Amino acid sequence: MSVELDNLDESDFPNTQTSFSMEMEESTARTVEVAIQFLTIGEVDTTSEKYQAEVMIRSRWLDDEDIGAYDKTKHWYPKLFIENALHDLKEEVTYETERIDDKTMVTEIRISRGSFWERMELQNFPIDIQE
């Protein structure tokens, strides 16, 4: 599966957009919009409750500074992670910036590949009921 990362917008993630605020220094809060999309799901091991996947996490936030080339060592960023990822996770992270009035919209695109753990409640499989 191929995804063109330069032209993503909300329509690329139907029904997956969510936002939240994070506490920051000096009691200021910043809204971060996050969208998660599974690009591929590979081998599923139901015995050990593990699966292989490629996941794209797209997050964006407004920054008060005029940022040209974004550098996460110099600017604020949300410290996002995948809680159920196992030790072999490989990540590619890119940043884009766009000037909106007197602020900068920073977009982080994180492609994560590797193994993930998830409780697979398969007691009733194949006659499963979705709640």
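Student: Hi! Is Tyr51 buried or exposed?
Tutor: Tyr51 counts as buried, because its relative accessibility is 12%, and the cut-off for buried is under 20%. Bear in mind that this is a predicted model.

Student: Okay, and which aromatic residue does Tyr51 pair with? How many aromatic pairs are there, by the way?
Tutor: The count comes to four aromatic pairs. In one of them, Tyr51 is stacked with Phe116, at 5.7 Å centre to centre and with 25° between the planes.

Student: Where do those two sit in the chain?
Tutor: Tyr51 is in strand E3 (residues 50-63) and Phe116 is in strand E5 (residues 103-117). They are 65 residues apart, so the pair links distant parts of the chain. Phe116 counts as buried because its relative accessibility is 1%.

Student: What about Tyr70 and Tyr95, how are their rings arranged?
Tutor: Those two rings are tilted, with 40° between the planes and 4.5 Å centre to centre. This pair also links distant parts of the chain: Tyr70 lies in the loop between E3 and strand E4 (90-100), while Tyr95 is in strand E4, 25 residues apart from Tyr70.

Student: Which of those counts as buried, and which as partly exposed?
Tutor: Tyr70 is buried, because its relative accessibility is 12%. Tyr95 has a relative accessible area of 23%, so Tyr95 is partly exposed.

Student: Which residues make up the cluster with Tyr70 and Tyr95?
Tutor: Ring pairs join Tyr70 and Tyr95 with Trp61 and Trp76 into a cluster.

Student: Switching topic: what sits over the ring of Tyr77?
Tutor: That would be the charged end of Lys79, 4.8 Å from the centre of the Tyr77 ring.

Student: Let's zoom out. How many helices and strands does the protein have?
Tutor: It has five strands and zero helices, so to speak β-β-β-β-β from the N terminus on.

Student: How much of the protein is buried, and what about its surface?
Tutor: Of its 131 residues, 29% count as buried. The accessible surface is about 9,400 Å², and carbon and sulfur atoms account for 47% of that.

Student: Which residues form the nonpolar patch on the surface?
Tutor: The patch consists of Ile36, Phe38, Ile41 and Val44, which together have about 370 Å² of accessible area. Ile36 is in strand E2 (residues 29-45), and counts as partly exposed because its relative accessibility is 44%.

Student: Last one: what share of the contacts joins residues at least 24 apart?
Tutor: Among contacts between residues at least 6 apart in sequence, 57% do.

Technical notes: Residues numbered from 1 in each chain as written. Predicted model: local features only at pLDDT ≥ 70, side-chain atom pairs only at ≥ 80, totals over all residues. Heavy atoms only, no water. Helix = DSSP H or I, 4+ residues; strand = E, 2+ residues; numbered from the N terminus. Buried < 20%, exposed > 50% of the residue type's maximum accessible area, 1.4 Å probe, protein only. Contact = heavy atoms within 4.5 Å. Areas by Shrake-Rupley, 256 points an atom, 1.4 Å probe, with all protein chains shown as cover. Patch = residues over 30% accessible without salt bridge, like charges linked within 9 Å, V, L, I, M, F, W, Y side chains within 5 Å. Salt bridge = Lys/Arg side-chain N within 4 Å of Asp/Glu carboxyl O. Phe/Tyr/Trp six-rings, centres within 6.5 Å; stacked < 30°, edge-to-face > 60°. Lys NZ or Arg CZ within 6 Å of the ring centre and 35° of its normal.
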